[in-house]
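Try each task before you read its solution.

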Amino acid sequence: MRIVVAGGTGLLGREITRQFLAAGHEVAVLSRSPGAPHPGDSQAIWLRGDVTEPASLAGKLKGADVVVDAVQFPNSPIEDPKKGRTFERFDLGGTKNLADACRAQGAGQFIGLSGVGAAENARFHWQRFKWQEEQHVAASGLAYMMFRPSWIYGPNDVSLNRFLGFARFLPFVPVIGDGKTRINPLFVGDLAAHVVAAVGNQAALGRVFEIGGPEVLTMDEIVRTALRVSGKRRFLLHQPASFMKLIASLIQHAPGRPLTPGAIDFITMDGIADTTALVETFGLPLTPLEQGLSTYLDDRAGNG
Ligand SMILES: NC(=O)c1ccc[n+]([C@@H]2O[C@H](COP(=O)([O-])OP(=O)(O)OC[C@H]3O[C@@H](n4cnc5c(N)ncnc54)[C@H](OP(=O)(O)O)[C@@H]3O)[C@@H](O)[C@H]2O)c1
């Protein structure tokens, strides 16, 4: 089959691409980049396209049996309206453009990545745009399915690896908020395995599945587990979310836009996926955090 992975250079997209290639499919990565940024990606075909520019998608999806939408704006969740980096423009607008191009070019199946908490009247605008994105795809007439992932970790993530980065040179690890945010962290390999298994899966067509890991943990438990697996002992230094939002409101206009108050809300919101329907439909394993982390952090496993 010919699979197009839009955002195939990202955290989720790269693993999805890798697993589709390993399963013997022909994979094309749709990216703003003209060619493979990493040598390991060279097996894939490269298509240059920008989901915010519908004209750039012309002809790119012709002959695709499956199109996966794994796009997100650079530096998410730090929105930057001046640079056009907003959830509205990407999660809603970008997905609309991609789904519309799929339909116009006769692509076979659309697999979308929404997010846990997506709802019409959700508290945060990014959750409402994810819900609107789902609605657009459902009404598009495409054969589709969507996943709503919880928080995802893996060898190339920028969140859990940031905590570990602090641990390399500080005697403590800074944690924004009280550390009690509740999440069922999902291993990126499990997300990709479900995306691959969704292809041609009649029981999954036209449905939206929440997907998360098998354990509900607090952010403190997640960071402590990562420290333990990587053989480090550090204490966690909490910074109150309200204080960090005040700092963010001051520095959000600094060059490079290092933080925004919205990003603090994003980082500290609960995100628990109910996996009942997912497990019933796919029956695939979901990896516990310690096991997932030990595949790439544990020195004893030969990971350096
Ligand atoms: N990470 C999580 O924990 C998580 C949790 C729930 C849901 N999700 C959802 O999963 C999806 C993928 O997230 P991710 O974390 O993998 O994102 P990511 O690592 O930031 O990667 C996003 C990719 O989007 C591509 N991209 C950016 N702007 C683009 C544009 N204008 N046109 C085409 N491609 C563009 C980038 O590729 P190029 O730079 O090569 O163009 C980048 O590789 C998103 O919808 C996200 O909301 C993620």
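The exercises below concern a predicted model.

**Exercise 1.** Decide whether Phe-110 is buried or exposed, and find which residues it touches beyond four places away in sequence.

*Solution.* Start by locating the residue: Phe-110 sits in strand E5, residues 109-113. Next, count neighbours: Phe-110 has 23 C-beta neighbours inside 10 Å. The cut-off for a buried residue is 20 or more, so Phe-110 counts as buried. Finally, list the contacts: leaving out residues up to four places away in sequence, Phe-110 touches Val-67, Ala-99, Cys-102, Val-137, Leu-142 and Tyr-144.

**Exercise 2.** Work out how the span of helix H3 compares with the expected one, and what its buried residues pack against.

*Solution.* Helix H3 covers residues 125-139, which is 15 residues. From its first C-alpha to its last it reaches 21 Å, close to the 21 Å expected at 1.5 Å a residue. Its buried residues include Trp-126, Phe-129, Trp-131 and Val-137. The buried residues of H3 pack against helices H2 and H8 and strands E5, E6 and E11. After H3 comes Gly-141, with a positive phi near 85 degrees.

**Exercise 3.** Describe how H2 and H3 are arranged.

*Solution.* Two packed helices are described by the angle and the distance between their axes. Here the axes of H2 and H3 come within 8 Å and cross at roughly 10 degrees. Angles under 35 degrees count as roughly parallel, so H2 is roughly parallel to H3. By class, their contact has six nonpolar, four polar and five charged residues. Among them are Phe-87, Leu-92 and Ala-99 in H2, and Trp-126, Phe-129 and Val-137 in H3.

How values were computed:
Residues numbered from 1 in each chain as written. Predicted model: local features only at pLDDT ≥ 70, side-chain atom pairs only at ≥ 80, totals over all residues. Helix = DSSP H or I, 4+ residues; strand = E, 2+ residues; numbered from the N terminus. Buried ≥ 20, exposed ≤ 12 C-beta atoms within 10 Å, placed from the backbone. Contact = placed C-beta atoms within 7 Å. Expected span 1.5 Å × (residues − 1). Axes fitted to C-alpha atoms, helices over the stretch in contact; angles between N-to-C directions. Parallel < 35°, antiparallel > 145°, perpendicular 65-115°, else oblique. Nonpolar A, V, L, I, M, F, W, Y, C, P; charged D, E, K, R; others polar.
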